[in-house]
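Please keep the sequence and the 3D view open as you read.

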Amino acid sequence: ALWGLHCAIFRATYSGWYLGGAAVGLGVLTKLSILMLPFFAGITFLGFTFIHQHYRKHLTSPHLWLSIFLMFACMSPLIIWNYQHDWLMFKHDAAHVGNTGFNLTVFGEFIGGQFLIISPIIFITVMEAFKHILSKRHDTAFLAWFSLLVGLFFIYKAAGGKIQINWAAPLYLSLIILWGNKFVSSGKIYNAVISTGAIIAALLIILSFFPNLMGITEAKGPF
């Protein structure tokens, strides 16, 4: 979906709109939270049209609006099922969006969990990707701003409400794209450090799903 939006907005490839719409529509059939992508990408895109006038042409493009129709067409089985069952899934997920008041414990567990689950090394270097919000490359800045909005949403959610460590996974999809560019253009020492962090992250993820390897019972596991 992100690739489709990139092609549509920054390469003027009309098929990108349909790729993005179909990817989101089909993705919703497996995980409703994928709707965060068009929501935050839409906000970012509107911001770009306000700052950079030449992107406003996309707002009147029939391909944009047809891709939205395609998205809803792909997710129509989910919409129909929810309509028949009093919008059960939508109500369930809507309850996850709210904030019930600041909770330092939950907030600390979430931020600390992100720091540990992908390893401190990867966490710090991936967070560095936010500096691209000032990039002169519009496609790079778009990804950085999109990531920032998603990140702020999860920080807001973690500050007051139920949240699991793995819920922030969508944030890293765009950040990894930004971070990967630096990885391939950096020196051997930097890449060696990052590779070490990636190995540590992989081990942490394995242990989180199979805590019995460390003698931890499933009842005490992080998920």
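A residue counts as buried when its relative accessible area is under 20%, and as exposed when that area is over 50%, with partly exposed in between. Please bear in mind that this is a predicted model. With that cut-off, Phe 142 is buried, because its relative accessible area is 4%.

**Aromatic pairs**

- The structure holds 11 aromatic pairs.
- One of them joins Phe 10 and Tyr 55 in an edge-to-face arrangement, with 5.6 Å centre to centre and 80 degrees between the planes.
- This pair links distant parts of the chain, 45 residues apart: Phe 10 sits in helix α1 (residues 2-10), and Tyr 55 in the loop between α3 (36-51) and α4 (62-74).
- Phe 10 is partly exposed at 22% relative accessible area, whereas Tyr 55 is buried at 7%.
- Phe 48 and Phe 142 also form an edge-to-face pair, at 5.5 Å centre to centre and 70 degrees between the planes.
- Here too the pair links distant parts of the chain, with Phe 48 in helix α3 and Phe 142 in helix α9, 94 residues apart.
- Phe 48 is buried, with a relative accessible area of 8%.
- Ring pairs link Phe 10, Phe 48, Tyr 55 and Phe 142 into a cluster.

**Thr 140**

- Helix α9 (residues 138-159) contains Thr 140.
- Is Thr 140 buried or exposed? Its relative accessibility is 15%, so Thr 140 counts as buried.
- Leaving aside residues up to four places away in sequence, Thr 140 touches His 132, Ser 135 and Leu 178.

Technical notes
Residues numbered from 1 in each chain as written. Predicted model: local features only at pLDDT ≥ 70, side-chain atom pairs only at ≥ 80, totals over all residues. Heavy atoms only, no water. Helix = DSSP H or I, 4+ residues; strand = E, 2+ residues; numbered from the N terminus. Buried < 20%, exposed > 50% of the residue type's maximum accessible area, 1.4 Å probe, protein only. Contact = heavy atoms within 4.5 Å. Phe/Tyr/Trp six-rings, centres within 6.5 Å; stacked < 30°, edge-to-face > 60°.
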